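Let's take a look at this one together. Keep the sequence and the 3D view side by side as you read.

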Amino acid sequence: MGVLGCMCVVRAGTLTRKWIGTGLRPALPLLLGAGWMAMGVALRGQEAAPAGMDATALVRRAIQSWPAEEKGHRPMQYLLRKRDERRDTTKEIVETKDGDVARLVAIDGKPLSADANQAELQRLDDLKAHPEMQQRRKRSEQKDQDRVDRLMGRLPDAFVYRMEGVEPCAAGRCYRLSFTPNAKWQPPDMESEFFRGVEGEVWISQSAERLTRLEARFVADVSIGLGIVGKLYKGGTVTLEQADVGGNDWELTRMTVHVTGKVFLVKSMSYQMTQEASHFSPVTPGMGYVAAIEMLKQLRTDGTAGEK
């Protein structure tokens with residue numbers, strides 16, 4: 001499943017919130033390859049973009065500003081719901097200096113049974129007693145983030161961008177840009193090959209120059225590693241939405257992935273997933289994972305997940 005790879009990296013069972021930043025991490029190997037592309041529909045109230053605006057330069061600025069903003073990111077606690085073909089789970093996530101910590105609070109939209117809740121509390125106690133487990137998770141998160149950073153840096157050159165106009169969006173007014181694969185660009189490695197089969201649209205906040213929405217589709221089959229490692233089929237779609245949740249802190253709030261393909265020549269792959277993040281609230285900077293575990297253990301689990 002490691003044939004897909006994108007900025008939608010998700011950590012510790014959470015969603016890479018900074019959209020091209022941090023947070024939701026379920027089928028990471030899949031999401032790490034399916035992410036930044038789209039198909040879009042023009043909205044009412046559209047107006048022409050300023051004459052002479054360089055679309056690629058705008059995308060480059062939006063991407064280059066992210067690392068500095070990520071360094072200033074406030075750690076958050078939030079609710080994450082993930083639905084795929086197998087399960088519908090809701091987790092409470094707390095970000096810490098030691099990595100994200102999660103507590104399962106609902107399945108199929110319903111609170112855990114008494115036995116399942118006790119098992120989850122025991123899992124948190126086990127995590128507390130074995131710091132090496134959290135250390136491995138933290139290393140994995142950093143590895144994922146490094147991969148995201150590499151792919152992010154390639155976006156301005158991997159596609160040809162066209163300014164389509166300015167229109168209303170959740171962030172106020174947004175530039176809407178379409179993008180298609182850049183035929184002159186050669187993927188520098190295997191994880192970047194999927195860019196060749198993707199096109200779509202992206203929305204960038206006019207005031208903050210932040211990516212707010214992306215809709216993408218695979219318009220051609222894409223072979224990874226000459227087709228030996230895998231193949232992504234035409235027709236797959238990815239949608240990402242990001243919002244300012246307060247204090248100019250932008251978080252990934254919704255992501256959908258619908259992709260099909262083949263892994264290692266023979267194994268068919270199909271992945272349908274929706275993730276939504278909500279109830280964001282800042283937590284104490286510098287908090288360690290043990291303190292986060294104690295916080296999570298105090299959560300109410302009577303159907304009011306997300307309430308403290």
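Predicted model: local features only at pLDDT ≥ 70, side-chain atom pairs only at ≥ 80, totals over all residues.

## Helix 5, end to end

Start with helix 5, which covers residues 131-158.

Now, which residues of helix 5 are buried? They are Gln134, Glu141, Asp144, Gln145, Arg147, Val148, Leu151, Met152, Arg154, Leu155, Pro156 and Ala158.

## A neighbor: helix 2

Next, find helix 2, made of residues 55-64. Its axis comes within 9 Å of the axis of helix 5, and the two cross at roughly 175°. Angles over 145 degrees count as roughly antiparallel, so that's the label for helix 2 against helix 5.

Where do they meet? On the helix 2 side, look for Thr56, Arg60 and Ile63; on the helix 5 side, Met152, Leu155, Pro156 and Asp157. Sorted by type, the residues of this contact are four nonpolar, one polar and two charged. Met152, Leu155 and Pro156 also belong to the buried set of helix 5.

## One disulfide

How many disulfides are there? The count is one, and it links cysteine 169 with cysteine 174, with 2.1 Å from S to S. The link is right-handed, with 70° about the S-S bond.

Cysteine 169 comes in at 22%, which means it counts as partly exposed, since buried requires under 20%.

Terms used. Residues numbered from 1 in each chain as written. Heavy atoms only, no water. Helix = DSSP H or I, 4+ residues; strand = E, 2+ residues; numbered from the N terminus. Expected span 1.5 Å × (residues − 1). Buried < 20%, exposed > 50% of the residue type's maximum accessible area, 1.4 Å probe, protein only. Disulfide = S-S within 2.5 Å. Axes fitted to C-alpha atoms, helices over the stretch in contact; angles between N-to-C directions. Parallel < 35°, antiparallel > 145°, perpendicular 65-115°, else oblique. Contact = heavy atoms within 4.5 Å. Nonpolar A, V, L, I, M, F, W, Y, C, P; charged D, E, K, R; others polar.
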